[in-house]
Amino acid sequence: MSDAFFHPASGFDLPRFAGIPTFMRLPHVPPGHARFGEVDIGLVGVPWDSGTTNRPGPRHGPRQLRDASTMIRAQHPLSGLRPFEAVKCADLGDVGPNPADISESMERITAFYDQILDAGIVPLTAGGDHLTSLPVLRAVAKSGPVGLVQFDSHTDLYHSYFGGTMYTHGTPFRRAVEEGLLDPKRMVQVGIRGTMYDSEDMDFARANGIRIITIDEFFARDINDVMEEVREIAGSGRTYVTYDIDFVDPTFAPGTGTPEVGGPNSYQALQVVRGLAGLDIVGADMVEVSPPFDASGGTAFLGASIMFELLCQIVQSGQKG
């Protein structure tokens, strides 16, 4: 029988607009809490967007995602999975960044995730801009490089910005490959599109064996076919999943820093996560939700819904075998 302490508050017991918002109405169990070591999957906020180069705002993403996630219920509509009964989930709180210092913030993020991983907890992160993924990966990949499945409209594989700035939301996966955190032969980026500065990022991908599935190819093929290839590339090894909300067309997700037209709809945004079934997922993130550009709150609700899909895949990943 599952532990009621780790169950979300029910909308039948406490209205969804009431109470202190936590991710999916789960208990708040920060490091140091008496039951921290019992958590299987921990949801974490990283309110930080110092890597943003144009429209800031994702630092406010975790707070809005928590609020939107109060609408998440207990059971998956297709699989019937009840993740909060299958494993112990909790909101672990936020990493406290230094908004004036990128390097120190990344050190703080990695240190926070070291605690999580040392406790045997699988992290599900709400960012934050996409640079957030790099310090998380520095913790996740300490035991060796992992594969990467990336849903995005941008590769984030550029060498640098503004004449040598190495750490922006356009460079995290270039750094992660260079640091040996990712196995480029087990990397696949889905949904890439939009106008480009040049082809430097694509050239780096080709030179290192990173598979890029552009939006044109994505729509020319069946989604199930695309996701079968994604699973083949990731293989049976440890895999990290990163989901930039700008993967989704801005008609459905306008609240982001660098939107690109011509993307998937909100249903397809869920479908691709469902297509991850069978992977060994050791962590995941949802990034670039930007409340200042999300007047309706619809982007955050889609982001929270995608996080629930990711959570269900992590649960099923842990149940393999």
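Colleague: In what order do the eight strands form the open sheet?

Modeller: This is a predicted model, in which local features need pLDDT of at least 70, side-chain atom pairs count only at pLDDT 80 or more, and totals for chains, interfaces and linings use all residues. Residues are numbered from 1 along each chain as its sequence is written, and side-chain values use heavy atoms, with hydrogens and water left out. Strands are DSSP E runs of at least two residues and helices H or I runs of at least four, numbered from the N terminus; two strands pair if DSSP finds at least two bridges between them. The pairing is parallel, and the order is β2-β1-β3-β8-β7-β4-β5-β6.

Colleague: Which strands have one side left without a neighbour in the sheet, and why?

Modeller: A strand at the edge has a single partner strand, so one of its sides is left without a neighbour in the sheet. The strands at the edges are β2 (89-94) and β6 (211-214).

Colleague: Which residue of β3 is the bridge partner of Gly45?

Modeller: Strands β1 (residues 41-46) and β3 (residues 122-127) run parallel and are joined by six bridges. In β3, the partner of Gly45 is Ala126.

Colleague: Is Ile109 buried or exposed?

Modeller: Ile109 belongs to helix α3 (residues 102-118), and α3 lies across β1, β2 and β3. Contacts of Ile109 (heavy atoms within 4.5 Å), leaving aside neighbours within four places in sequence, are Val46, Trp48, Val95, Pro135 and Val136. Buried means under 20% relative accessible area, exposed over 50%, partly exposed in between (1.4 Å probe, protein chains only). The relative accessible area of Ile109 is 0%, so Ile109 is buried.

Definitions and conventions
Axes fitted to C-alpha atoms, helices over the stretch in contact; angles between N-to-C directions.
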